[in-house]
Amino acid sequence: YSLNLLYQIDSLSENLEAIVFTNGKYEEVISHFKHIKIIPTIPSIYPIWEKIVFPIYSIFYKANIIHFTANTGGWLIAKIFKKKIIVTIHDVYFMNKGENFPQGSNIRQKIGSFYRRIVVPNIALKSDKIITVSNFAKEELIKKLKIDRKKICVINNVIDEIYLNFLNEKNFKKKENILVIIGGDHPQKNIINTIYLLEKNCSDV
């Protein structure tokens, strides 16, 4: 999601300067952009990085707008220095009760869900703008976090270029039914169940 956003920012204007602060990785992935400066920061665990390290670096480099791209973020330091905050909240699935919805299956995912339950409602309220990935996600934010809908902007997810190129290279016939399934390994993504159902019920795919 962030990578596609950077492609758009990089193509907007030569007068626009964007800075990406990295936590000790991903430098090679984004090194080819023309108008985006990469600043490696002090490596640290993510909660400390997003709440302390990243805001301090952004203030030192005189950023006008601070954008947290992965649901959570640290608002306190940014607000003290009167910086505008944008946060991308992909969904509020973690706010649902575990007995009704699939939750994390390992310790890391469970800790992550707990951390998001604490942080996301606060960063959502303190941010100046929220970006989310669909109209459904927007309505969920409004309902579960009581967010003003005027504050939320929808920018849809897109398929990475590598998959579009793959489909073009294969030159599939128009009559063929093709499904591109994209998701992570978190149980909420239902990737395995989706594959089982397709295998069982959709012989024409």
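I began with E50, which counts as buried because its relative accessibility is 0% (buried means under 20% relative accessible area, exposed over 50%, partly exposed in between, with a 1.4 Å probe and protein chains only). I found E50 in helix α2, helices being DSSP runs of H or I with at least four residues and strands runs of E with at least two, numbered from the N terminus. Leaving aside neighbours within four places in sequence, I listed P55, F68, T72, G73, G74 and Y115 in contact with E50, where contact means heavy atoms within 4.5 Å.

I noted that this is a predicted model, in which local features need pLDDT of at least 70 and side-chain atom pairs count only at pLDDT 80 or more, while totals for chains, interfaces and linings use all residues. Residues are numbered from 1 along each chain as its sequence is written, and side-chain values use heavy atoms, with hydrogens and water left out.

Next I looked up salt bridges (a side-chain nitrogen of Lys or Arg within 4 Å of a carboxyl oxygen of Asp or Glu), and the count came to 4. One of them joins D128 and K79 at 3.3 Å, N to O; D128 lies in the loop between α4 (107-126) and β5 (129-132) and K79 in helix α3 (residues 76-80), so the pair ties together parts that are 49 residues apart in sequence.

I also recorded the salt bridge of E140 with K143, whose closest N and O atoms are 3.3 Å apart. Both residues lie in helix α5, 3 residues apart, about one turn of the helix, yet E140 counts as buried at 16% relative accessibility, whereas K143 counts as exposed at 52%.
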